[in-house]
Amino acid sequence: MTAEALLADIGGTNVRLATLTADGRIANVESWLTALYPDFGSAVRAYAELTGLALPVRAASVCAAGPVMGERIDLTNCSWNVSRSGIAEATGAAAVALVNDFAAVAHAVPGLGAGDLMQIGGDAPLDGAPKVALGPGTGLGVASVVPDGRGGWVAAPGEGGHVDLAATNDREIAVVYQLLREFGRVSVERVLSGPGLETLYLALASLDGVTMNAKPIAHDIAKAAFSKSDPVAVEAVALFTGWLGSVAGNLALTLGARGGVYIAGGIVAQWGDKFDAALFRRRFEAKGRMKSFLAPIPCYVVTAKDLAFRGLAAIVS
């Protein structure tokens, strides 16, 4: 099989691979645990063998969960180290793009349509205004996209998931204090991620003197919360949702994101209609005298499954 380009989205838990065909289609999507492979090259070789991909490819467009440091990304939540030279060696590509995973997401955001989104409050996005994307998954990704003045967009990646977590009420103060005692510092990602939901649950259980027989798993916490079978899980999911709204509001204020706030990542979309959109929106707008600035800004849950691949395709084309 001849492909125009190889696309790869490397996260803390999974590596997702796809091919970009000559007519612009994203095809042959595979998702594998990164832990099954010692490095990126091993995963590419396994993918080529499975799909019949002919190497070398013309181009490779790769994103990974970590900051780009010169020519490489040392993944935040994975042992892989990914470099442009390593990608070129693994794929044979003469043209190599390597970006932060949420930079890829940001590249895709301007092209999203109504069928890719579920709106949570606000009005229509302001044309030509900055947009911001954030996404809780294995970690918390954050990136923005701003107009380039020529009718296009420029992605601005960052490491916003690692800023300090702010408490807004007594219960949150108690949780943050509990986490400070354990970790020494509490970042936003510490609670707004899959492992973060587990951390929240453990902190609440400790505060309330609840004894557990096993370590909580994020999926099980959400399931117990939505069935209301576990009060600690119910509160953990509510805290997660409220803090996500608060952080999203902070980003909208910081970046002037009147073009909209886009929630990606693997958690909120999976929750579907169980996600407490009203709580999220209340906390998003709860910024005192800046409420009037935030109230018109639309927030969206991104339901598209191939968001990073769309961004990677846009980068390589």
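Figure 1. Asp-208 counts as partly exposed, at 42% relative accessibility. This is a predicted model. Asp-208 forms a salt bridge with Arg-171, and the closest N and O atoms are 2.9 Å apart. Asp-208 lies in helix H5 and Arg-171 in helix H4, so the pair ties together parts that are 37 residues apart in sequence. Arg-171 is also partly exposed, at 27% relative accessibility.

**Figure 2. Arg-310 and Asp-116 form a salt bridge.** Their closest N and O atoms are 3.0 Å apart. Arg-310 sits in helix H11 (residues 307-316), while Asp-116 sits in the loop between helix H3 (101-108) and strand S9 (117-120), so the pair ties together parts that are 194 residues apart in sequence. Arg-310 is partly exposed, with a relative accessible area of 28%. Asp-116 counts as buried, at 13%. A network of salt bridges links Asp-116, Asp-306 and Arg-310. In total, the structure holds 15 salt bridges.

**Figure 3. Asp-148 meets Arg-150 in a salt bridge.** The N to O distance is 3.7 Å. Asp-148 is partly exposed, at 22% relative accessibility. Arg-150 is exposed, with a relative accessible area of 71%.

**Figure 4. Glu-189 is buried without a salt bridge.** This residue belongs to the loop between helix H4 (170-183) and helix H5 (194-208). Which side chain of opposite charge is nearest to Glu-189? It is Arg-190, 7.6 Å away. A salt bridge needs the two atoms within 4 Å. The Glu-189 side chain does reach the backbone nitrogen of Leu-140, at 2.8 Å. Arg-190 lies over the face of Phe-183, at 3.7 Å from the ring centre.

**Figure 5. Trp-32 and Tyr-47 pair edge-to-face.** The structure has eight aromatic pairs. In the pair of Trp-32 and Tyr-47, the rings are 6.3 Å apart, centre to centre, with 65° between the planes. Trp-32 lies in strand S3 (residues 26-33) and Tyr-47 in helix H1 (residues 40-51), so the pair ties together parts that are 15 residues apart in sequence. Both Trp-32 and Tyr-47 are buried.

**Figure 6. Tyr-262 and Tyr-300 are stacked.** Their ring centres are 4.9 Å apart, and the angle between the planes is 25°. Tyr-262 is in strand S13 (residues 261-263) and Tyr-300 in strand S14 (residues 299-302), so the pair ties together parts that are 38 residues apart in sequence. Tyr-262 and Tyr-300 are both buried.

**Figure 7. Aromatic residues form one cluster.** The members are Phe-226, Phe-240, Trp-271, Phe-275, Phe-280 and Phe-284.

How values were computed. Residues are numbered from 1 along each chain as its sequence is written. This is a predicted model: local features need pLDDT of at least 70, side-chain atom pairs count only at pLDDT 80 or more; totals for chains, interfaces and linings use all residues. Side-chain values use heavy atoms; hydrogens and water are left out. Helices (H or I, at least four residues) and strands (E, at least two) are DSSP runs, numbered from the N terminus. Buried means under 20% relative accessible area, exposed over 50%, partly exposed in between (1.4 Å probe, protein chains only). Lys and Arg count as positive and Asp and Glu as negative; His and the chain ends are not counted. A polar contact is a pair of N or O atoms within 3.5 Å; within protein, one must be able to donate a hydrogen and the other to accept it, and residues adjacent in sequence count only if both atoms are side-chain atoms. Rings of Phe, Tyr and Trp (its six-membered ring) pair if their centres lie within 6.5 Å; planes under 30 degrees apart count as stacked, over 60 as edge-to-face and the rest as tilted. A charge sits over a ring if NZ of Lys or CZ of Arg is within 6 Å of the ring centre and within 35 degrees of the ring normal.
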